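Biologist: Hi, could you walk me through this one? Please keep it plain.

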Amino acid sequence: MNYPELPAVFFQILNSFVTLGKTQNLSKAVELLGLSRQTIRRHVAELERRTNEKLFDTEHRQYRLTPRGKILNVEAENLLSRANACLSNELTTPFDLLNIEMIVDEQNWLFAQQHPVLDIWSEAPPIIQRGLEAWTNGKGDLDNVAFEKIRPYMLVYRKYRGEWLIVEVGEKSAYGTWVGISNAKSELGRALDLGEKYNSILSYWRKPYEAAVNSGSAWYDHISVCVPRFLDGPPIPVNYQRLLVACKFPDGQPAIGIFAARTDNCQIPNMPDHLFTENLPEYLMEFDI
């Protein structure tokens, strides 16, 4: 197979494109990347030349991705993420299932392992099994009656202007009961934010969203993490399983539905034993509904 010859700075070009797409501001991209304005413009121009597509519209010094630019931006970000994971030895499991190790410092970290969706029937707590049943029976339609029983345990996201925003928090959901339902509902209409220090961990949490929506599929993983429950709070360890499914709102717009359950049944290869802290019994969500 013949591949096009790529420039030596190919990944730097992608990084400039992804960063400008996120910030929508050339000065901010310059600050984050440590490159000149001319270099970033040149990188974008090179991508536009190679794709033969306009990737940005500019107005009042703001750079907004074109429809084609939005598609390519997602692919570019995934490519950079995969490259970084490869260099960090994060891709260690068979069948390209993602294994992640992120250590921010001695008190803040995340370990995660993606598992086949089929394993839900043998490994997952009932909440996640019921979530998968509801998604299948309801054909991903959030208005379908199949979601009625599981809805209080569900978290729903909508994408708006390039950001995944929380638009629904079930009162019995893992997130709602972890941060407190009042705090959780205060996050409605916002993107989850724990501070710049935790951006890499938040990036992993959001990693499957685009993949699930674009493929209309599901993502299942086991996670052990120690971060604050909310902005400026102390880091607290927690273990849980997560099922993320592509859904749609009544108007046909895409949504992400999340079913999570706190459990110590988290199979995560390469996680150091001394970092794994069992959930307090009152936090476990291994009950049926």
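**Strands and core**

Modeller: Happy to: Met-154 stands opposite Phe-259 in strand 9. This is a predicted model, where local features need pLDDT of at least 70, side-chain atom pairs count only at pLDDT 80 or more, and totals for chains, interfaces and linings use all residues. Residues are numbered from 1 along each chain as its sequence is written, and side-chain values use heavy atoms, with hydrogens and water left out.

Biologist: How many bridges join strand 5 to strand 9?

Modeller: There are 4, and strand 5 (residues 154–160) runs antiparallel to strand 9. Strands here are DSSP runs of E, at least two residues, numbered from the N terminus, and two strands pair if DSSP finds at least two bridges between them.

Biologist: And strand 8 to strand 9?

Modeller: Those two are antiparallel, joined by 9 bridges. Arg-242 stands opposite Ala-260 in strand 9. Strands 8 and 9 form a hairpin with 5 residues between them, and Gly-252 in the turn has a positive phi of about 90 degrees.

Biologist: Is strand 9 mostly covered or uncovered?

Modeller: Mostly covered: 8 of the 9 residues in strand 9 (residues 254–262) are buried, meaning under 20% relative accessible area with a 1.4 Å probe, protein chains only.

Biologist: New topic: how many residues has the largest nonpolar core?

Modeller: It has 57 residues, and Leu-110 and Trp-205 are among those with the most contacts inside it. Such a core is a set of buried Ala, Val, Leu, Ile, Met, Phe, Trp, Tyr and Cys residues joined through side-chain atoms within 4.5 Å. Strand 8 (residues 235–248) gives the largest share, 7 residues.

Biologist: Which residues are in a second core?

Modeller: That separate core of 19 residues includes Leu-20, Ile-40, Leu-72 and Ala-76.

Technical notes:
Buried means under 20% relative accessible area, exposed over 50%, partly exposed in between (1.4 Å probe, protein chains only).
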